[in-house]
Amino acid sequence: MFNTLSDRLTATFKNIKGKGRLSESDINATIRDIRMALLDADVATTVVRHFTSRVRERALGAEVSKALNPGQQVVKIVNEELVQILGGQTRPLTLAKRPPTVIMLAGLQGSGKTTFAGKLARRLRDEGHFPVLVAADLQRPNAVTQLEVVAERAGVPCFAPERGNEGGAAQGAEGTTSYGDPVWVAQAGVGQARVRQYDVVIVDTAGRLAVDEALMKQAADIREAIQPDEVLFVIDAMIGQAAIETALAFQQGVDFTGVVLSKLDGDARGGAALSVASVTGRPIMYSSTGEGVKDIEVFHPDRMASRILD
Ligand code: GDP
């Protein structure tokens, strides 16, 4: 991902890197190239506008540096501003002072939530935690089984409702399937984790193919019921411009504390996903880079910026 963007920016910088002097028109031309490269990579227009105006302002006002020539200084400014767009600091997972830490996952169907649940659980297990997965995605017939498979692969337990054996089913709550009411299942799962002394509970929730009110209400109800320490919004980096709209809808509907960029191993343009932190003000915390249980990385804005500008 980001190869094209990276190539374009590198080519732009090649023109100015060795220059001992940069005129205002050199700077303007560079910024024009950067703007086009970002827009072509699907970075949100509001983000591009803010980014280029910051770079321009700083580049024109840049102090004379002994260590860097003017071209290198512009590259440094672009790097620093890109880090800001990507959220600034690395944001580690918040662990509850009194376990269990409750992590809720939200996002569209197919975004990679279930896969990510397994990866995060495995990673936490490897770090010495005792995580458990809770299957509160009761929308698709297969989702519960899929999470059980993922849990097995990750080597962690999974709390899943038994068919026809839950409180919510009898009440016929909205979103109820033969598995029962997802809010009830999520709450019961967290309760069980507490009793059995697991220290991290990862709750997988239902997604739909597009944002809709029932989906948002269900996710908001689950959030209200389980009071998670983190709500991670999983977004498929390959969905292009729709990423921004989707992120804003989830922010309004459920709100979230952090973002997971999934499918970063793909070769789409991905710039929209890079805009999500800037547009929502929520940090990108992880990236998901494949279908395997170990294909997960903590997201470091500075490393991602360097990777893009390398
Ligand atoms: P959910 O509906 O949000 O739970 O999404 P899933 O976890 O079921 O993922 C949907 C599809 O995307 C599955 O075929 C996954 O194997 C695939 N997938 C998930 N994460 C990644 C990733 O990081 N990279 C790639 N290449 N595929 C992924």
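**A tour from a cis proline to the ligand**

Start by selecting Pro100, which lies in the loop between helix H4 (70-85) and strand S1 (101-106). Helices (H or I, at least four residues) and strands (E, at least two) are DSSP runs, numbered from the N terminus. You are looking at a predicted model, in which local features need pLDDT of at least 70 and side-chain atom pairs count only at pLDDT 80 or more, while totals for chains, interfaces and linings use all residues. Residues are numbered from 1 along each chain as its sequence is written, and side-chain values use heavy atoms, leaving out hydrogens and water.

Zoom in on the bond from Pro99 to Pro100: this peptide bond is cis, with omega near 5°. Next, pick Asp42 in the loop between helix H2 (24-40) and helix H3 (45-60). Asp42 is not a glycine, and its phi is positive, near 80°. Most residues other than glycine have a negative phi, and most peptide bonds are trans.

Now show the strands. Eight of them make an open, mixed sheet, ordered S3-S2-S4-S1-S5-S6-S7-S8; two strands pair if DSSP finds at least two bridges between them. Strand S3 (158-159) and strand S8 (296-298) are at the edges with a single partner strand each, so one side of each has no neighbour in the sheet. Strands S2 (residues 131-136) and S4 (residues 200-205) run parallel and are joined by six bridges. Select Ala136 to find Thr205 of S4 opposite.

Finally, go to the ligand. Its shell (residues with a heavy atom within 4 Å) holds 17 residues, the closest being Gly110, Thr114, Thr115, Asp265 and Glu291. Helix H5 (residues 113-126) contributes the most, with four residues. What kinds of residue make up the shell? There are one nonpolar, ten polar and six charged; Gly counts as polar here, and Asp, Glu, Lys and Arg as charged.

- Thr114, polar side-chain atom: 2.5 Å.
- Glu291, polar side-chain atom: 2.6 Å.
- Ser111, polar backbone atom: 3.2 Å.

On its own, the ligand exposes 570 Å², of which the protein buries 79% (Shrake-Rupley areas, 1.4 Å probe).

Notes:
Polar contact = N/O pair within 3.5 Å; in protein donor to acceptor, adjacent residues only side chain to side chain.
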